[in-house]
Amino acid sequence: MDETAEPLCERMATDLDDGFTELVRVHASAVHAFLLRMTGNAAEADDLGQETFLRAYTALQEYSAQRRRALRPRAWLMTIAANVWRNHVRTCVRRPVAAVSVEESCESWAAEGPGPQDHADTVADRALLVAALARLPERARVAVVLRHVVGMSYAEVAEVQGCPVGTVKAQVSRGLSVLREVLEPEVALLREVTM
């Protein structure tokens, strides 16, 4: 358990609103990073992150103070986020949505910041990673993102996945092998072009 978990759980047990505010402050970036890597879309990650924290707050209202004290907040939140993402994927498959027009997406870009080439490079790198992650089976993708993007321990990932630590290690290992196979030709091509 990380060092912030115990005081955070105690805070939620004594004052849910104050404790939940701290929970969001401490874990929002990790939840967002996980969802961004799973969806590949910042707007979807924001929406799913809000849904994750809404579900967490609703659940915490039903928990007794003793149960709130016993929580492992990071693993618990990532479990909720993974379930929210899975539900989102199921919904998208059942009800496909039309793509956003180029004009609408350009309006959301900031006027200042990186130039068009920097933005294009970042988007291309992100798209490459998202495409490679999408080729992984769901369990391996969740395990790789939780372990290497969010930075959770194998034990925490095992708790989120509901399986033994050895299984998570195997999922991460297989997932990284597939990512290397998928990304290696792209990296080699980039080396040829830049040299």
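Contact, as used in this report, means heavy atoms within 4.5 Å.

## Basis of the model

The structure is a predicted model, in which local features need pLDDT of at least 70, side-chain atom pairs count only at pLDDT 80 or more, and totals for chains, interfaces and linings use all residues. Residues are numbered from 1 along each chain as its sequence is written, and side-chain values use heavy atoms, with hydrogens and water left out.

## Overall architecture

The chain contains 10 helices and zero strands, where helices (H or I, at least four residues) and strands (E, at least two) are DSSP runs numbered from the N terminus. In sequence order, the pattern reads α-α-α-α-α-α-α-α-α-α.

Of the 195 residues, 33% count as buried; the term denotes under 20% relative accessible area, with exposed over 50% and partly exposed in between (1.4 Å probe, protein chains only). The accessible surface of the chain is about 11,700 Å², and carbon and sulfur atoms account for 54% of that surface. These areas come from the Shrake-Rupley method with a 1.4 Å probe, and for residues only the protein chains shown count as cover. Among contacts between residues at least 6 apart in sequence, 66% join residues at least 24 apart.

Glu 22 belongs to helix H2 (residues 16-39). Because its relative accessible area is 16%, Glu 22 is buried. When neighbours within four places in sequence are left aside, Glu 22 is in contact with Leu 8 and Arg 11. The side chain of Glu 22 also makes a polar contact with the side chain of Arg 25, at 2.4 Å. A polar contact is a pair of N or O atoms within 3.5 Å; within protein, one must be able to donate a hydrogen and the other to accept it, and residues adjacent in sequence count only if both atoms are side-chain atoms.

Val 24 also lies in helix H2 and counts as partly exposed, because its relative accessibility is 26%. The C-alpha atoms of Val 24 and Leu 77 are 9.9 Å apart, although 53 residues separate the two along the chain.

## Packing of helices H8 and H9

Two packed helices are described by the angle between their axes and the distance between the axes. The axes of helix H8 (residues 138-150) and H9 come within 10 Å and cross at roughly 140°; axes are lines fitted to C-alpha atoms, for helices over the stretch in contact, and angles run from 0 to 180 degrees between N-to-C directions. At this meeting, Arg 139, Val 142, Ala 143, Leu 146 and Arg 147 of H8 face Tyr 154, Val 157, Val 160 and Gln 161 of H9 in contact.

Within H8, Glu 138 counts as partly exposed because its relative accessibility is 36%. Glu 138 touches Trp 85 and Arg 86, not counting residues up to four places away in sequence. Its C-alpha atom is separated by 9.5 Å from that of Met 38, 100 residues away along the chain.

## Gln 161 at the end of H9

Gln 161 is part of helix H9 (residues 154-161). Gln 161 counts as buried because its relative accessibility is 5%, and the buried residues of H9 also include Glu 156, Val 157, Ala 158 and Val 160. A polar atom of the Gln 161 side chain lies 2.8 Å from the backbone oxygen of Arg 139. Beyond neighbours within four places in sequence, the contacts of Gln 161 are Arg 86, Arg 139, Val 142, Ala 143 and Gln 171. Gly 162 follows H9 and has a positive phi, near 70°.
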